[in-house]
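Good morning, and thank you for making the time.

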Amino acid sequence: MACVLEAPLRMSVLSEVTASSRHYVDRLFDLDPQKVLQGVMLLYLLQQESSSTELRTECAVVLGSLAMGTENNVKSLLDCHIIPALLQGLLSPDLKFIEACLRCLRTIFISPVTPEDLLYTDATVISHLMALLSRSRYTQEYICQIFSHCCKGPDHQTILFNHGAVQNIAHLLVSSSYKVRMQALKCFSVLAFENPQVSMTLVNVSVDGELLPQIFVKMLQRDKPIEMQLTSAKCLTSMCRAGAIRTDDSCIVLKTLPCLVRMCSKERLLEERVEGAETLAYLIETDVELQRIASITDHLIVMLADYFKYPSSVSAITDIKRLDHDLKHAHELRQAAFKLYASLGANDEDIRKKIIETENMMDRIVNGLSESSIKVRLAAVRCLHSLSRSVQQLRTSFQDHAVWKPLMKVLQNAPNEILIVASSTLCNLLLEFSPSKEPILESGAIELLCSLTQSENLALRVNGIWALMNMAFQAEQKIKSDILRGLSTEQLFQLLSDSDVNVLMKTLGLLRNLLSTRPHIDHIMSTHGKQIMQAVTLILEGEHNIEVKEQTLCILANIADGTTAKELIMTNDDILQKIKYYMSHSNAKLQLAAMFCISNLIWNEEEGSQERQDKLRDMGIVDILHKLSQSSDPNLCDK
């Protein structure tokens, strides 16, 4: 970067000016080379050991002020390799200089343009930062803040954990400095998030004779600052989700959950309401009892409806600032509300009913599906997916608002994360009792779902074949033929040889639904019989689990129920031997499924039954049936 230096200013004056004047700060890294001032010189002086410690400290202070300017300032400082220079400064014996370097590093790292990985490029840096934690309350505050901003994901968590972050930071939770306590708390909230190892460790750590969960609970009390209450709740939530704290523990049920519900109230700032709702959604996401408790706490379901009322209407020019603030948080509020509604309605039918009966709820979800914000769209689809588990709502509210239309639109062009949830929702809308099934079929869903089965994304393949399985259930012959035509024999074989057992099971489920009712069985086997029998043989011969083989034998039982299709079994000695083998299998489920095949093949009232019975008797199958009639298993005995 080119630079032209003006006459140098006395450092103490310069630090005062930069700290108080944003305009001056921004000029230091102006794009015009003629206006670039002391930036590079400051870095040069910072690194000169011949410079006095006082001068180097002032340089670090001024550079920190520069970093508080625009994002371009931070980018320019990064381009000048400011981070290695500041990290080198941490080796100094002078505490004031170390604190100035840490303060500048903190400001650099909290900027969104700074890559977090820059903290981890040298393995010795984390160890040195841990060692500096004991130097002063400022080193504690700045280092904890750096860690909390630079801990993004499991790799970073592991590095910090392995360097003793838990042990080194735990005692800071009882520091006399509020800022230190708060930054330490934030550290633990990011370290524990979705990390069982950290969470299981935290639950057993004690400070001054008190376990960390007890300390976190004290920080939840109403007399503590909101920031502290929220962050403590996040720590306890992560520990609970990781299994370190039971969901029925009083610290969760009586402390954490009520605290998070409080954060959703109108009295809280918009950003606090967003964080409270999102954390609560995560806490209760997988636990039915917590969902029930939350739903009846402080009228939460009604309270959340207020999240959709931003931006508020403004009548006077003096409210422009308020409007700007509301606009900034409006998307986040809707996203948080949809997420929390999705968690609340995940399991309980009564809760779903209350959510849907909330003011304009279905309209809000439909509108959310077409929002410009991807995050809001995703949250809206998740909410719809949660509510779509209700048989009653599929028949009423979903039909009244024709939610399948915007859902199909979402499926046409969306990133995978939205496609996964949207296609999962479509699976529910295609269930046999859903009134949406027919219009979805008419809108070209088969082609769309067949294309999903070819996705490289596993969840999309599963959802695509799952939706087709639901579509084929008790469907007309034309729909079944369209599905087979859309999939193609080649793709069907591809799915039956998929390495994922969920894909295989859903594909077998699809085949089973396609091969139901005699006319349909005979028609499909007349056109695809050879390929289907080949696939069945491969699966029965392969290394598959009991459930897969049971489903495959049930498909054979359906084929055996066909009028003409059963001949494809009777003329295939290999398949007959496999059925015979499974009749004597040690697993009762496989025995029963194999017996269904035989039962359908020898049914007395059907033409050719005597010839089939004679052939099976010659194979020794009747002898096996006699043995099974003596079985202690009533299911086998009765059959």
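I begin with a salt bridge between R334 and E371, whose closest N and O atoms lie 2.5 Å apart; the term denotes a side-chain nitrogen of Lys or Arg within 4 Å of a carboxyl oxygen of Asp or Glu. The pair links distant parts of the chain, with R334 in helix 20 and E371 in the loop between helix 22 and helix 23, 37 residues apart. Helices here are DSSP runs (H or I, at least four residues), numbered from the N terminus. R334 and E371 are both buried, where buried means under 20% relative accessible area, exposed over 50%, and partly exposed in between, with a 1.4 Å probe and protein chains only.

A word on provenance. This is a predicted model, in which local features need pLDDT of at least 70 and side-chain atom pairs count only at pLDDT 80 or more, while totals for chains, interfaces and linings use all residues. Residues are numbered from 1 along each chain as its sequence is written, and side-chain values use heavy atoms, with hydrogens and water left out.

The structure holds 24 salt bridges. Another of them joins the side chains of D306 and K266, at 3.9 Å from N to O. Here too the pair links distant parts of the chain: D306 sits in the loop between helix 19 (300-305) and helix 20 (320-344), and K266 in the loop between helix 16 (250-262) and helix 17 (270-284), 40 residues apart. Which of these residues is buried, and which is exposed? D306 is buried, because its relative accessible area is 10%, whereas K266 counts as exposed at 57%. K266 and D306 also belong to a salt-bridge network that includes R273.

Let me turn to helix packing. The axes of helix 32 (residues 501-514) and helix 33 (residues 518-541) come within 11 Å and cross at roughly 150 degrees; axes are lines fitted to C-alpha atoms over the stretch in contact, and angles run from 0 to 180 degrees between N-to-C directions. The two helices are therefore roughly antiparallel, a label applied to angles over 145 degrees. L504, L508, L511 and L514 of helix 32 make the contact with H520, I524, I532 and I539 of helix 33, contact meaning heavy atoms within 4.5 Å.

Finally, S390 lies in the loop between helix 23 and helix 24 (391-395). S390 counts as buried because its relative accessibility is 0%. Leaving aside residues up to four places away in sequence, S390 touches E349 and R352.

Methods
Parallel < 35°, antiparallel > 145°, perpendicular 65-115°, else oblique.
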